[in-house]
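Student: I am new to this structure. Please set out the whole briefly, then take a close look at a single part.

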Amino acid sequence: MAKHHGFLRSLLTIRSLAFLFLLLVSHVISAQDFIWTSDGTGFYVVEENELVRYDVKATSRTIIISANDLQVNNRRLDIRSFYFSADGTTVLIYTNSVKVWRLDTRGDYWTLNLQTKQLKQLGKELPPSSLMFAKFSPDSKRVAYVSGNNIYVEDVTTGAQTQLTHDGTRKLINGTFDWVYEEELACRDGFQWSPDGKNIAFWQVDATRIPDFNMINNTDSVYSSIIPVEYPTAGQDPSSVRIGIIPSSGGDVKWLPIPGDPKQNYLPRMEWNSPKSLFVEQINRKQNESRIYDCNTESGQIKLIRTETDNAWVDVITPWQDFYFIEFRHRFQWINNNQEFIWISEKDGWSHLYRITKAGHEVLITPGAFDVMSLEAIDEKNNLVYFTASPSNASQAYLFKMRLDGKGKPEQVTPADLKGTHEYDISPLGKYAWHTFSNTYTQPVGEFISLPDHKALNASQSIAASLPKATEKNKVEFFKVKTEEGVELDGWMVKPENFDPKKKYPIVFLVYAEPAGANVKDSYGTGRNHLYSGDMRADGYIYATIDNRGTPAPKGKTWRKAIYRNIGRLNIKDQALAVKEMLKWPFIDPERVAVWGWSGGGSTTLNLMFQYPEIYKTGIAVAAVANQLTYDNIYQERYMGIPQETMADYVAGSPITHAKNLKGNLLYIHGTGDDNVHYANAEMLINELVKYNKPFQFMAYPNRTHSIKEGMGTTKHLSTLYTTFLKMHCPPGAR
């Protein structure tokens, strides 16, 4: 389940390197639009639909592909993203893209020969905008891609096409994934070339036994139409998934004989180690046991390398990172000539990096009572690994380095005087990085730096030079509150303009409170309510949030996994007891306490309104899971167990169980075209509220998805609705 965000991405219009720096800082350039050169001395970026290379130190600019190079049949190709062949002679251009669930991963691909400037469309006989995940072969002579859930290989020079799989259908999926694998395991691209280019390894998802959830479109025609989505709810067996090896020239598939029932296990990761060795991670359905296998793709021999178990769940994703923008699966990071790999594990109570041999021997690289938030880069030449962490403040993030052999102690690389959140995109050889910084009162600023000394390459365009213009008045106050159970929680609040501590103010709480997201972050944008039409501070509201146990804060495994089998209970109690303590503060009006949230935050809002009506007087819940049994099996079973074994926990944590206790003012909002949290949740909740004669307000947005942003006027209407309801039932201003 994901937090609600807009998906920011656009093509660029850049006329100077200085402006490029500004765009990089503001995150307009996405991870796929900004690509390092293979030697790490420069980078490629799209400017005015031209592909340009910049040298990091000299700031020289070279046009690689001009706008004229992209003219074909009296039209121009727009570059959505781009990829270079290994020999550097050809560029793969992705264009005309369309959205598939979360991201626009389906479109058209063209190759452009950089010497001859010849432009060729791949799969031109296939339906428009139907190709996915095209990638060059290791020898740069061919490109493989997916279309119609089948895998194809095409010769770059001749255009000769070979269809490798022929059985793909809507529910038998080759080379990509179904809805739930994408949503909960970040699995989208589902095939890989072998290192020698002779074979392709691919996932096949058999969703034929997964029931469809039928969404209904009532507005695009006078007759309704059904939109089916294969969607396994909690308690349903997962899709059967297997991994096949097929010759890239065509032939029979060899299916890897991975142990276990494919309907009771998941296969979230695979990586080639050598032309005959493929490493695969398997997790069981309960997601509390991870197994890593070394699979011989020639003989079919399967060797178990590593097993890890947990009393709650084993993470296969990085919980601090946002999968709207990046690939956030843990990966096999090969070192020592592919004889070892780097792995992230919480087995000692903290998220740490380990180096693991092919025989399964492990060495802890990052010892200590802190969490590794992300692996940033490996510099084998200098025996270093770079990672982000924040041992003393869970709302921030800094770059650290550690010896790759695990000897010594971690060293902070980020300057200690820059308090806040730091992000890094490190070049392939680890010599340079693009570094961005922000906090609650500093707009994102960035610089190119050298490593490991962390020095700006250009003093005039450094973060230090940018800070005077980027710094604002700090409006966000961080605080800690201890509940009556002795649990200390982090929070932030934004007080009204001209705040008078002798007066009482209404308070509005933003909540999420589930394992998929945390709100207490020292980064720019924190403290802003983007749904509110107007200025909450000027109108006299206190705006606040609290992170309860179970949110993905870097506070250790015990903190994060306290919520196991307790969603809808422990997180709700932590939130309510924290607010109970805050109501002792003299400037908060206990009669004007409001709460709102989206997705998991909507579920939290409902549970707070229903379970603690004496505290929360007004609530706005958007796209909420009202009944946990309606949500997908991977997410819900990971955190709540399998319903056949833990049904009482599902019932106790579901808002509809407690709907009869509603006393306050509730606005419930849902999109009828939500493929994530289905609209059925709204109707189930409505039935329960009607059953107990509970008045409430309700808004259904026809055919809108989980983000409720489609259609003319939608965003403005939603903001107006939110603001009007809040002002009516939780009046602003001091008293």
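Tutor: The accessible surface of the protein comes to about 29,100 Å², and carbon and sulfur atoms account for 50% of that area. Such areas come from the Shrake-Rupley method with a 1.4 Å probe, and for residues only the protein chains shown count as cover. The model is predicted, so local features need pLDDT of at least 70 and side-chain atom pairs count only at pLDDT 80 or more, while totals for chains, interfaces and linings use all residues. Residues are numbered from 1 along each chain as its sequence is written, and side-chain values use heavy atoms, with hydrogens and water left out.

First, the whole. A compact globule of 735 residues would have a radius of gyration near 27 Å, and the 26 Å of the protein agrees with that. This radius is taken over C-alpha atoms, and the globule rule is 2.2 Å times the number of residues to the power 0.38. Along the principal axes, the C-alpha atoms fill a box of roughly 75 × 60 × 60 Å. Of the 735 residues, 59% are buried (under 20% relative accessible area; exposed is over 50%, and partly exposed lies in between, with a 1.4 Å probe and protein chains only). The secondary structure comes to 12 helices and 45 strands. These are DSSP runs numbered from the N terminus: helices are H or I with at least four residues, and strands are E with at least two.

Strands of a sheet pair through backbone hydrogen bonds, either parallel or antiparallel. Here, two strands are said to pair if DSSP finds at least two bridges between them. S27 pairs with strand S26 (residues 333-335) in the antiparallel sense, over three bridges. Within this pairing, Phe 341 of S27 is the bridge partner of Trp 334. S26 and S27 form a hairpin with four residues between the strands, where Asn 336 takes a positive phi near 55°.

S27 is also joined to strand S28 (residues 352-357), by six bridges and again running antiparallel. Phe 341 stands opposite Ile 356 in S28. The hairpin of S27 and S28 has six residues between the strands, and Gly 349 in its turn has a positive phi of about 100°.

Strand S11 (residues 131-136) is mostly covered, with six of its six residues buried. Four bridges join S11 to strand S12 (residues 142-147), and the two run antiparallel. Phe 136 stands opposite Val 143 in S12. Five residues lie between S11 and S12, and Ser 140 in this hairpin takes a positive phi near 70°.
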